[in-house]
Each structure stands twice: as C-alpha cells, then as structure tokens.
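Please read the points below alongside the coordinates.

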Amino acid sequence: MTGKARADGEGSIYPHRNGFAAYVWVTTPSGERKRKYVYGKTREEVHDKWLKLHQEAKKGPVATRVPNLGPYLNYWLEEVIRPNRAPKTYVNYELFVRLYIAPFLGDKRLDRLQLREAQKWVNKLPLVCQCCAQGKDARRSRAKQRCCALGRCCEQAPSGRTIKDIRDCLRSALNYACREELISRNVVALVTLPTLRKPKRQRWSSDEARKFLESAKVENDPLYAAYALVLIMGMREGEVLGIPDEAINFETSELDISWQLQRVQKKLLHRQTKTPTSDDVMPLIDIITAALKLRLERRERDKEKADAWLDSGLVFTTEHGTPIEPRNFLRSWATRCRKAGVRYITVHDGRRSCGSLLADLDVHPRVAMRILRHAQFAVTMEIYTEISSDQTRAALKKLGDSLQ
C-alpha cells in the first residue's frame, strides 16, 4: 500500500498558471460561506499561506474581497467622516488623503500594506516639496513665478506636526477597516514618527494686554469687545464671532458660549461648538458687560446708517449686518497690534495669554480650566507651566537670598 502524496486537507492546493494556488472555505463579515484563494510560485509558499488562512478563518470572519487603499479611503471619507464628524474635520482629512496618502499608497491593497512600506511612506513625506508636487508655483502667471517653476525649489515640505496629523488620519481609516474585519491589524499605528519639537508659544504680559485693549477702546474699534472676550475670558476666535444675540443675558450677567462661526471651504457656517466641554454659561464681569453694551450700541448705529441691513442675529457683524469673516478678524487683530505698539501674537496666543495671566495671578488651575473650557486638565497645566520672566526672576532672587 502506497503512502499519501499529500497531507490531509491539502487537496485544495493545486497547480495554477506559473505556480500554485489554494483555497479555504471562510465565513465573510456578512455571514456568507465563500472560498478565499491564495497564490504563490512554489507549493511550499502556498502551503504556508494556506495554513495562515486556516488560522485566520478559525479566529473569525475573513473578507474575500479587499479593496485598494485609495477607493477605501474615498468610501471612508464620504460614508463615515462626512456624516459623523465636524465639517472642518472632513475638509482636513480629505486634503490629507488627496495630497499625502493616495499619491503614495492609494494603489496598495488594504490587507497587503506592510509596516515597512508604511514606514518608508512616513519617512518620505518630509522630503517631498508640496509646491513642486502640487504645481503651486507653476500655476502662477509667468510674471509671478518665484521658486519651483524657475528651478529654485522652495522645499515646502510638511512639518512634523502635519506629518503626525496625516498619520493619524490614515490610522483612523485603517482602524475602521479593522472594525469592518477587512484587515486583522493596523500597521500604520506602529510606524515611528519624526521627533516633534513643540514650537515656542508667545504670550503677552499684563501690561501688553492692557495696552492693546486700551488702544482699541480709545480709538472706538468696533471689535474692542471681541478682543476683550479673547484676552479676558479666553474665548476662541470662532466662538467670539459666532455669539448670537440671545446668548447675552444682561439681567443675570451671563454669557452662553455654545456657538461658533467657521469658514469651511466656500461656506461660512454658524454651528455648535466642536465638543460639549466647549459649551458653558460664563459670568460677565463689569469690563466685559460694558464692552458688549458698547458693541450693541455701535451695531444699532450701523443699522440706522445702512442702506440695506441683513440681520444675521449675531453680536459681531459688518456695517451691513453680515457675519464677520474669520480672516478679516485676524487682519483686524494684526492691525490693532501695530496701532497699539505691542508685539504681534496670534489670536489663539491671545487666548493662551489669558491662561498664563491667570497663572501669574495665582488663580487655581481648576478655575482656569473652567474659564478656558479645556476638555483635559493636562492642557490647562501645560499653559500654567509657562511662568512669566518676572515670576522666574523673583523665584531665583528668593533662592539666591536664601543661600547668602
């Protein structure tokens, strides 16, 4: 009696084209029973794949058809992100996919993406000039071309923070693919990112903040109240511009912060704040109450003068009642910095200045967390570690005196 030519169950391995093929009956994520095939040049190679597929089939459902990364990311953006996340999140993720992920990995099948390939992709991102890749300078008229189109590459590569955001976008997509049981593990979560060095944040001293606000008040700047809300109450730019009339209650001296104004692509959106922790009803102090009353009086004068008034229902509007463009607010902030004679910082750094000034005044971090409406206490404490030079000098003097 002759021995077996093949081991039990190996009848599903057979010659195929220039090599061998095999199949295993698996249960798909939809609950159907189907054959899943593996291929290779040698019987041994196919046998190893066949055994591995058997193990996967025993663990749970196995997808028989796995899409390429590019089409899957388009599906994920349209069916998962767009309906369930903030509009700006969708816009950012779509940009990351279109410019940084699809051009490099879009043709790769989901289940065949290896850690080594993902690591090479991350390593390559800071070496690719996006001005060259996107043809930014080439799209300008010949008279306005100034760098890459003229052979002088500007090396406009993404920063370390942007690379992390790009990686996080792809990681999120592949996590969803894991939940759909299209892949068994997320290799992008294992890549090593460039070391991030946090940029040095700027902040104003109390004298600089006072000088800035006094300049706006003296010159009757229509956005004086907006600046005060940023510096004194730590409000974000979008939250300030999105304050509706009904959010202010002068009788109880309270301000309901639950709306924001955002420019997303070509649309100006008045929508709820991003997270529930950003919502709160804050008490109004005298300086803010007076500033808001001045603002509402200014708006009534603008309404009387306007030939056509478009009532947006917002506290901060243009001379015609329309919402203020966020970019125009940033320009007004920069102009006011120049007129006040203080160094320029961003609006967000103005909000950070509020937190730092609270720390200088020895306000308890938990109280500052409530004022700034941070979701995590660690974020508040990060601002609180930015001690002013005056406090540092006082501490060093105190230490020096104790050692004399």
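**Notes on domains, strands and pockets**

1. The C-alpha centres of domain 1 and domain 2 are 32 Å apart. The chain is split into domain 1 (13–59), domain 2 (69–190) and domain 3 (206–394); such bounds come from an automatic or database domain assignment.

2. This is a predicted model, in which local features need pLDDT of at least 70 and side-chain atom pairs count only at pLDDT 80 or more, while totals for chains, interfaces and linings use all residues. Residues are numbered from 1 along each chain as its sequence is written, and side-chain values use heavy atoms, with hydrogens and water left out.

3. Strand E1 (residues 13–16) and strand E2 (residues 19–27) pair in the antiparallel sense over four bridges, with Pro-15 opposite Phe-20 in E2. Strands (E, at least two residues) and helices (H or I, at least four) are DSSP runs numbered from the N terminus, and two strands pair if DSSP finds at least two bridges between them. E1 and E2 form a hairpin with two residues between them, and Arg-17 in the turn has a positive phi of about 50 degrees.

4. E2 also pairs with E3 in the antiparallel sense, over eight bridges. Tyr-23 stands opposite Tyr-37 in E3.

5. The largest pocket has a volume of about 2,400 Å³. Of its 49 lining residues, Arg-161, Arg-201, Arg-236, Lys-274 and His-348 are the closest to its centre. A pocket is an open set of points on a 1 Å grid over the protein atoms alone, where a 1.4 Å probe fits, with protein on both sides within 12 Å along at least five of seven lines; lining residues have an atom within 4 Å of a point. Points are joined across faces, edges and corners, and the volume is the space filled by probe spheres set on them.

6. The lining of the largest pocket divides into 14 nonpolar, 13 polar and 22 charged residues. Here Ala, Val, Leu, Ile, Met, Phe, Trp, Tyr, Cys and Pro count as nonpolar, Asp, Glu, Lys and Arg as charged, and the others, Gly among them, as polar. Domain 2 and domain 3 each give this lining at least three residues. Elements that each supply at least two include helix H6 (160–179), strand E6 (259–264) and helix H12 (347–360).

7. The second largest pocket has a volume of about 1,000 Å³. Among the 31 residues that line this pocket, the closest to its centre are Lys-36, Lys-52, Glu-56, Asp-111 and Ser-184. Its lining has 14 nonpolar, five polar and twelve charged residues, with at least three drawn from each of domain 1 and domain 2. Strand E3 (33–40) and helix H1 (43–59) each supply at least two residues of this lining.
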